[in-house]
Amino acid sequence: MNTFGHRYTGLIEKYRDRLPVSESTSIISLGEGNTPLIKLSNLPKVLKKDVDIYVKYEGLNPTGSFKDRGMTMAVTKAVEAGSKAIICASTGNTSAAAAAYAARAGITAFVLIPDGKIAMGKLAQAMMYGAITIQIKGNFDDGMRLVKEVADHAPVTIVNSINPYRLQGQKTAAFEIVEELGRAPDYHCLPVGNAGNITAHWMGYCEMSAPDVTKVTESCALCEGHCKYACNIIGNRPKMIGYQAAGSAPFIRGAMVDNPETVATAIRIGHPQSWDRAWKVMSESGGWFDECSDETILQAQKLLAQSEGIFCEPASAASLAGAIRDIQSGKIAEGSTIVLTLTGNGLKDPDTAIGQCQGDAKMVTVGADLESVRAAILHNMS
Ligand code: AN7
């Protein structure tokens, strides 16, 4: 079939009938979604386990993270409602996405970020896209509290994941995975901060597996009625597994964490906004939460880059760090199909990447002459 002339114009256009938009809604899009589902070929051999591992490389979205899926919906609906300004608190990626989609829509973005605690690439994005960037002397949770307070006193639309349109957009990642695999995976692993994304994925899988329209609306309170578009495409749903950084792991502690810390600044969140919903995801899917140390997160990030050529940011690598441990222990069974969401691009946080590789024997500095360069090559031939 000749597919010339078909231009991909973003996930709202593609999944229009399963999203809360109408014929007259004017869509604010940067061509988000449609990200690659890459099958890992080298890592399973290293693990010596018979598993199929796929990574959903969300770092290839327009602003480099999965947040674009939610932001195209949130900004589209904000503009439709006549809003002239949006606001969010962010550990970095939400602010980058909000800034870009606001620029696209011609409205103002206000972003509250923790002073000195967001990765350089994300700060560069918020500034470059022209968001009003408010650095607060506090963490994400402080920012979130302030955003909720100020939205009652100023004409701004909140575009954090407490805005229900965000999760509606993000559920489309599950649709894409099912389309490509022809079924849902057995396990789906994600890094967890506010737990919006793990909730959104579960909504997506539920909509695709719903036996019929009435049943799903009853059984899945998460979907807030949008399940009426359920289409019974698959029979199975995955176990959802959420990994947190050990220093920011309220779901593992079973209580909010007041001073979260982790090298994975994207998930440096102690008071998750989707707390109840994420627990419901776990009980419905039969999955679990677990934690990963900063050290194993960084090891997994490097391992993925060097064994598969895929560069994700530290927070994203939590899904791999946790999955490796659970595959090795047998908690994730052999013979399984596993999808890991790589939520953000490695280029977001160059400082952590360079810091981690500094001192590696692979980086040498030599004279600008043939003999020195030749010696460096011969010395490193394997
Ligand atoms: C790369 O940008 O919360 O569990 O303010 O950037 O849905 O919160 C980022 C979250 C995982 C966690 N990976 O997702 C923000 C923000 C990356 C992220 C998460 C985030 P949720």
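Author: Start with a network: salt bridges link K56, E58, R69 and E176. Keep in mind that the model is predicted.

Reader: How should I read a salt bridge in general?

Author: Side chains of opposite charge can pair when their charged atoms come close. The cut-off used here is 4 Å, from a side-chain nitrogen of Lys or Arg to a carboxyl oxygen of Asp or Glu. By that rule this structure has 20 salt bridges.

Reader: Which residue does K56 meet in a salt bridge, and what is the N to O distance?

Author: K56 meets E176, with 2.7 Å from N to O. The two residues are 120 apart, so read this pair as a link between distant parts of the chain. K56 sits in strand β2 (residues 52–57), and E176 sits in helix α8 (residues 172–181).

Reader: Are K56 and E176 buried or exposed?

Author: Buried means under 20% relative accessible area. K56 has 1%, so K56 counts as buried. E176 has 4%, so E176 is buried too.

Reader: What about a pair within one helix?

Author: An α-helix has 3.6 residues a turn, so residues three or four places apart point the same way. Now take R145 and D142. Both belong to helix α6 (residues 140–150), and three residues separate them, about one turn. R145 is partly exposed because its relative accessibility is 42%. D142 is partly exposed as well, at 26%.

Reader: Where do E261 and R268 fall, buried or partly exposed?

Author: One of each. E261 counts as partly exposed, because its relative accessibility is 39%. R268 is buried, at 9%. The side chains of E261 and R268 form a salt bridge, 3.1 Å from N to O.

Reader: How many residues of α3 are buried?

Author: 12 of 14, so the burial cut-off of under 20% makes α3 mostly covered. The buried residues include R69, M71, M73 and V75. R69 also belongs to the salt-bridge network with K56, E58 and E176. After α3 comes G82, with a positive phi near 90 degrees.

Reader: On to the ligand. Which residues come nearest?

Author: N93, N194, A195, N197 and T343, out of 23 residues around the ligand.

Reader: Last, the surface. Which residues form the nonpolar patch?

Author: V364, V366, V373, I377, L378 and M381. Together they have about 550 Å² of accessible area. Look at M381. M381 lies in the segment after α16 (370–379). Its relative accessibility is 61%, so M381 counts as exposed.

Conventions:
Residues are numbered from 1 along each chain as its sequence is written. This is a predicted model: local features need pLDDT of at least 70, side-chain atom pairs count only at pLDDT 80 or more; totals for chains, interfaces and linings use all residues. Side-chain values use heavy atoms; hydrogens and water are left out. Patches are made of residues with over 30% relative accessible area and no salt bridge: like charges are joined within 9 Å, nonpolar side chains (Val, Leu, Ile, Met, Phe, Trp, Tyr) within 5 Å. Accessible areas come from the Shrake-Rupley method with a 1.4 Å probe; for residues, only the protein chains shown count as cover. Helices (H or I, at least four residues) and strands (E, at least two) are DSSP runs, numbered from the N terminus. Buried means under 20% relative accessible area, exposed over 50%, partly exposed in between (1.4 Å probe, protein chains only). A residue is near a molecule or strand if one of its heavy atoms lies within 4 Å of it.
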